[in-house]
Amino acid sequence: MNTRGYTIATALTAVCIAGAVTAWGPSALASTRSATGIAHLASPPVLGTAHHFTRGLGASRPKVVDFGGDPTSYITTVHWTSWGGKVAKGTATACRPPANGPIAECRPTTAAVRAFRLGHCSQHGPAAYTRVEWWFPIDGKFDPQSNSVFNACTGGVR
């Protein structure tokens, strides 16, 4: 390849990397190298692992997360404002039960969502957020004593 072609290829590579980092966050730079020594960007992380009783797990930036339990284990219209860093953040609609009331009387309410503990659910699996939690900002900040933290790898709580 001549010098001009090499310069153009280098510039295009830099533009692609900059675009990927902007779209997926800094973890997009976790790369692998092919036999030719060229770096390839890794895929963005997923949320846990899919199970037959769940929805949204095993996907990147899922719009719905359903752990297959009662109505409080389900969020919809998820809008992720960040994804790919140590913590992914977003908002969603979740079922909020009344104070000291039955879950059956829960009402759709805006929730804050946080996926965290970036790792892997299996030895050779993709990068994944292994925990996810949500809470209702109208109730204050997340309280691990009264709010559930879901294990996105197993589909269980904590």
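Colleague: Which residues form one aromatic cluster?

Modeller: Phe-67, Trp-134 and Phe-150 do. Bear in mind that this is a predicted model.

Colleague: Why is the pair of Trp-80 and Trp-83 called edge-to-face?

Modeller: The structure holds five aromatic pairs. In this one the ring centres lie 4.8 Å apart and the planes stand at 70°. The centres are within 6.5 Å and the angle is over 60 degrees, so the pair counts as edge-to-face.

Colleague: What makes Trp-80 and Trp-83 buried?

Modeller: Trp-80 has a relative accessible area of 5%, and Trp-83 is at 4%.

Colleague: Why is the pair of Trp-134 and Phe-150 stacked?

Modeller: Their ring centres are 4.9 Å apart, with the planes at 15°. That angle is under 30 degrees, so the pair is stacked. Trp-134 belongs to strand 8 (residues 127–135) and Phe-150 to strand 9 (residues 149–151), so the contact ties together parts 16 residues apart in sequence.

Colleague: Are Trp-134 and Phe-150 buried or exposed?

Modeller: Trp-134 has a relative accessible area of 7%, and Phe-150 also has 7%. Each value is under 20%, so both residues are buried.

Colleague: How do you know that the charged end of Arg-114 sits over a ring?

Modeller: The ring is that of Phe-116, and the charged end of Arg-114 is 4.3 Å from its centre. The distance cut-off is within 6 Å, and the arrangement is classed as a charge over the ring.

Terms used:
Residues numbered from 1 in each chain as written. Predicted model: local features only at pLDDT ≥ 70, side-chain atom pairs only at ≥ 80, totals over all residues. Heavy atoms only, no water. Phe/Tyr/Trp six-rings, centres within 6.5 Å; stacked < 30°, edge-to-face > 60°. Buried < 20%, exposed > 50% of the residue type's maximum accessible area, 1.4 Å probe, protein only. Helix = DSSP H or I, 4+ residues; strand = E, 2+ residues; numbered from the N terminus. Lys NZ or Arg CZ within 6 Å of the ring centre and 35° of its normal.
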